[in-house]
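Hello,

Here is the structure I promised to pass on to you. Have a look at it first, and then read my notes below.

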Amino acid sequence: MAGNRIRCIAFDLDCTMIDFMSMKKATARAAARAMIKAGLKVKEKELYRRIFETYDEKGIEYQKTFAHVLWKLKKWKDLNEFERIQQAGISAYLQTKFKTLRAYPEVLSVLRRLSKKYRLAVVTDAPRNKAWQRLWLTGLWHFFPLVITYDDTKKFKPHPSPFKLLLKKTGLKPSEILFVGDNLERDVEGAKRMGMKTAWARYGVGIRSRRVREIKTHNILKNFKNLNRY
Ligand SMILES: [Mg+2]
């Protein structure tokens with residue numbers, strides 16, 4: 001049917017192409033160890049738990065995680081000690097982030113193949129600077145002439161704005177776009193509401209938050225390689 005052929009594949013970034021949670025776990029472990037080494041008297045497991053508790057409370061992109069954790073712990077005698085421990089945590093976080101941020105296996109080879117057949121785009125809720133840092137560190141940047149970040153619309157998916165911007169920039173009809181993402185509400189339902197075709201990156205979702213409802217209607221990806229069917 002004319003106008004129904006897929007011409008563009010648009011991807012969410014974190015937990016769809018980038019193994020974001022493995023990076024977050026490795027950086028939290030490294031930061032906890034460094035803060036203890038810098039003098040913080042807390043068990044590593046407890047500190048790790050508090051870092052993730054802060055992510056749950058403030059969002060995974062929260063920029064003051066270690067300060068927040070330290071402030072609540074109150075186990076420092078003055079602001080110089082506070083800062084020493086905080087900087088130990090931040091430094092370990094950054095060093096580990098640059099070492100561990102990776103795309104999922106097969107992402108580069110699958111994108112290489114898809115880029116010959118389709119226009120490729122990114123639509124992410126990450127801020128512009130973080131999105132480009134991640135695209136650069138993982139080597140994915142050169143596949144994406146079109147990258148839409150939170151800063152372009154100031155709206156998070158599933159708000160229609162980022163999806164509308166994708167339609168405007170590509171000049172395509174919704175039915176000509178396949179949207180791939182790990183978040184059922186934000187990515188899959190958001191894109192579906194706009195009339196796009198969708199694929200759910202189930203591999204990117206933590207086991208605990210994995211919802212099984214409605215998935216029969218979705219195109220489910222067990223891994224990134226499943227996109228080779230396109
Ligand atoms: Mg995601």
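This is a predicted model: local features need pLDDT of at least 70, side-chain atom pairs count only at pLDDT 80 or more; totals for chains, interfaces and linings use all residues.

Residues are numbered from 1 along each chain as its sequence is written, and side-chain values use heavy atoms, with hydrogens and water left out.

Now to the aromatic rings. Rings of Phe, Tyr and Trp (for Trp, the six-membered ring) pair if their centres lie within 6.5 Å; planes under 30 degrees apart count as stacked, over 60 as edge-to-face and the rest as tilted. The count by this rule is 12 aromatic pairs. Trp-71 and Trp-76 form a tilted pair, because their ring centres are 5.2 Å apart and their planes are at 35°. Trp-76 is buried, at 18% relative accessible area. Tyr-150 and Phe-156 are stacked, because their centres are 4.4 Å apart and their planes at 20°. Tyr-150 is partly exposed at 23%, and Phe-156 is partly exposed at 42%. Arg-186 also lies over the face of Phe-156, 5.7 Å from the ring centre (the rule asks for NZ of Lys or CZ of Arg within 6 Å of the ring centre and within 35 degrees of the ring normal). Elsewhere, ring pairs join Phe-11, Phe-144 and Phe-224 into a cluster.

Next, the metal. Asp-12 (OD), Asp-14 (O) and Asp-182 (OD) coordinate the magnesium ion at 2.1 to 2.2 Å. Donors are N, O and S atoms within 2.8 Å of the metal (3.2 Å for Na, K and Ca), and sites may look incomplete because water is not among the atoms. Both Asp-14 and Asp-182 are buried.

Finally, some backbone details. The peptide bond from Lys-157 to Pro-158 is cis, with omega near 15°. Pro-158 sits in the loop between helix H7 (150–153) and helix H8 (160–170); helices (H or I, at least four residues) and strands (E, at least two) are DSSP runs, numbered from the N terminus. Lys-154, in the loop between H7 and H8, has a positive phi of about 60° although it is not a glycine.

Enjoy exploring!

Methods: Buried means under 20% relative accessible area, exposed over 50%, partly exposed in between (1.4 Å probe, protein chains only).
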